[in-house]
Structures are given as structure tokens and as C-alpha cells.
Amino acid sequence: LEYISFIPKGQWITGVNVSYSQSDFDNYKFLIIENLGGDTYNFKVSPMLMYCFHDDLAAGGRFAYSRSRTRLNSADVIIDSETSYEPGTLYSVSHNYMGTASFRNYISLGRSMRFGLFNEIQLQMGGGQSKIINGEGEDLTGTYSRTFMLDIGLTPGVVMFLNNYSAIEVSIGVLGFSYDNTKA
């Protein structure tokens, strides 16, 4: 039985994950909410660097920054023909930083050097800030909060090499423990 090394010792593994989403809504209706108007966006960037210190075993880290904003300009909550509520203007913005230490093991699928499986153990630690503002002018109120986050997780995945220098990974966060502490 011959052992096939999927990721040989001495290889560097780098990558980046970037995501951005934006939505605008005007006069939108959802269940008991009518005349919903506003906009939102989410942005996240996460570079990664790992070193394969033994055949099919790698260790490294990742840094992540995310920012999100939601602005609600109008909404009417209508329960029945005689009962309704208008929450007014709401504005929320938050940003978070996360550092991750990772350990991965790779398994080749058969004799293929193109397809493989990996399992990653992650220890994440980070923090962030957010604020929520309600109202306008004299009626303006709001809350500012700071958050500390600690996560331990197990992430299995599939990797497919497109060529000798690039690959596509698909992973699922299945098992883990999260601790969040938020102070207003």
C-alpha cells in the first residue's frame, strides 16, 4: 500500500475570501410590515496564510474584518385595520475584527492529486463595535456597544486543485463553541 501525499511538506497555502452584499428596498411588504423602505450592505475580507510542516498537515492563521450597515427610513407595522405602529428611522452600523489560529489535515481522494478532503480546527478571537440610532432631531436616541468574541470550531471541507498553484475550497462549519460578551 503506497502513501500518497496530497499537500507535501514545505508548501505555503494562501488565500483570501471577500464578500459584499447590498440591497435597497422601497415600499416593500412583508407579512404585517408595509411601506418598508431603506438600504443595507455587508462587507467582509479575510486573508489566510498556512504552512505545511509535515505531509498533509498545515498550521497557520487568518484575519477577518467585517462591516455592516442597515438604514430603515420607513416602516408601518399593521396588526389589523385599527392597530398600527410606525417605528420611525433606525440606523445601525457595526464592524468586527477576528484573528484565527488554524490547524488542517488533508486526505487525498484515492490516487487523485486534484480532489481531496480537509478538516480544520480553528481558535478564533476578536472584537467589534456597533451603534444603533433611533429617531431624528430632538427625538434622537441610541446605543453604543463593544463585543468580545471567542470561538472554537471544527470545519470539514472539500478541495479541488484547478492547477498546481490554485484551488477551490468548499467548507462547512459544523461543530463548535462560541462565547460572546457585549457591553453597552
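Visitor: In what order do the elements of the protein run from the N terminus on?

Guide: The model is a predicted one. It holds 0 helices and 9 strands. From the N terminus on, the order of elements is therefore β-β-β-β-β-β-β-β-β.

Visitor: Of contacts between residues at least 6 apart in sequence, what percentage join residues at least 24 apart?

Guide: The protein has 184 residues, of which 26% count as buried. Its accessible surface comes to about 12300 Å², with 58% belonging to carbon and sulfur atoms. For contacts between residues at least 6 apart in sequence, the percentage that joins residues at least 24 apart is 62%.

Visitor: Which element gives the largest share of the largest nonpolar core?

Guide: The largest nonpolar core has 11 residues: Phe6, Ile7, Ile13, Met48, Met50, Cys52, Ala58, Tyr106, Phe118, Val159 and Phe161. Two or more of these residues come from each of strand S2 (33-54) and S7. The largest share, 3 residues, is given by S2.

Visitor: How far apart in space are Ile13 and Ala59, C-alpha to C-alpha?

Guide: In sequence, Ile13 and Ala59 are 46 residues apart. In space, the C-alpha to C-alpha distance between Ile13 and Ala59 is 9.4 Å.

Visitor: Are the rings of Phe6 and Tyr106 stacked, edge-to-face or tilted?

Guide: The structure holds 9 aromatic pairs. In the pair of Phe6 and Tyr106, the ring centres are 6.2 Å apart and the planes stand at 35 degrees. Stacked pairs have planes under 30 degrees apart and edge-to-face pairs over 60; the pair of Phe6 and Tyr106 is therefore tilted.

Visitor: How many residues apart in the chain are the two partners, Phe6 and Tyr106?

Guide: Phe6 lies in the segment before S1, whereas Tyr106 belongs to strand S5, residues 90-108. Phe6 counts as buried at 4% relative accessibility, and Tyr106 counts as buried at 6%. The pair links distant parts of the chain, and the separation is 100 residues.

Visitor: The charged end of which residue sits over the ring of Phe118?

Guide: Ring pairs link Phe118 with Phe6, Tyr106 and Phe161 into a cluster. A charged end sits over the ring of Phe118, 4.1 Å from the ring centre. That charged end belongs to Arg104.

Visitor: What is the phi of Asp56, approximately?

Guide: Asp56 lies in the loop between S2 and strand S3 (57-78), and Asp56 counts as buried at 4% relative accessibility. Asp56 is also one of the residues in contact with Tyr106. Most residues other than glycine have a negative phi. Asp56 has a positive value instead, with phi near 65 degrees.

Visitor: Which residue in the hairpin of S6 and S7 takes a positive phi near 95 degrees?

Guide: Strand S6 (residues 115-134) and S7 run antiparallel and are joined by 20 bridges. The hairpin of S6 and S7 has 6 residues between the strands. The residue with the positive phi near 95 degrees is Gly135.

Visitor: Which residue in S8 is the bridge partner of Phe161?

Guide: A hairpin joins S7 to S8 through 5 residues. S7 and strand S8 (residues 167-171) run antiparallel, joined by 5 bridges. Within S8, the bridge partner of Phe161 is Ala167.

Visitor: Which residue in S9 is the bridge partner of Thr147?

Guide: Strand S7 (residues 141-161) pairs with S9 in the antiparallel sense over 9 bridges. Leu154 stands opposite Leu175 in S9. Thr147 in S7 has Gly128 opposite, and in S9 its bridge partner is Thr182.

Visitor: How many residues of strand S9 are buried?

Guide: Strand S9 spans residues 175-183 and has 9 residues.

Methods:
Residues are numbered from 1 along each chain as its sequence is written. This is a predicted model: local features need pLDDT of at least 70, side-chain atom pairs count only at pLDDT 80 or more; totals for chains, interfaces and linings use all residues. Side-chain values use heavy atoms; hydrogens and water are left out. Rings of Phe, Tyr and Trp (its six-membered ring) pair if their centres lie within 6.5 Å; planes under 30 degrees apart count as stacked, over 60 as edge-to-face and the rest as tilted. Helices (H or I, at least four residues) and strands (E, at least two) are DSSP runs, numbered from the N terminus. Buried means under 20% relative accessible area, exposed over 50%, partly exposed in between (1.4 Å probe, protein chains only). A charge sits over a ring if NZ of Lys or CZ of Arg is within 6 Å of the ring centre and within 35 degrees of the ring normal. Contact means heavy atoms within 4.5 Å. Accessible areas come from the Shrake-Rupley method with a 1.4 Å probe; for residues, only the protein chains shown count as cover. Two strands pair if DSSP finds at least two bridges between them. A nonpolar core is a set of buried Ala, Val, Leu, Ile, Met, Phe, Trp, Tyr and Cys residues joined through side-chain atoms within 4.5 Å. Lists of a residue's contacts leave out its neighbours within four places in sequence.
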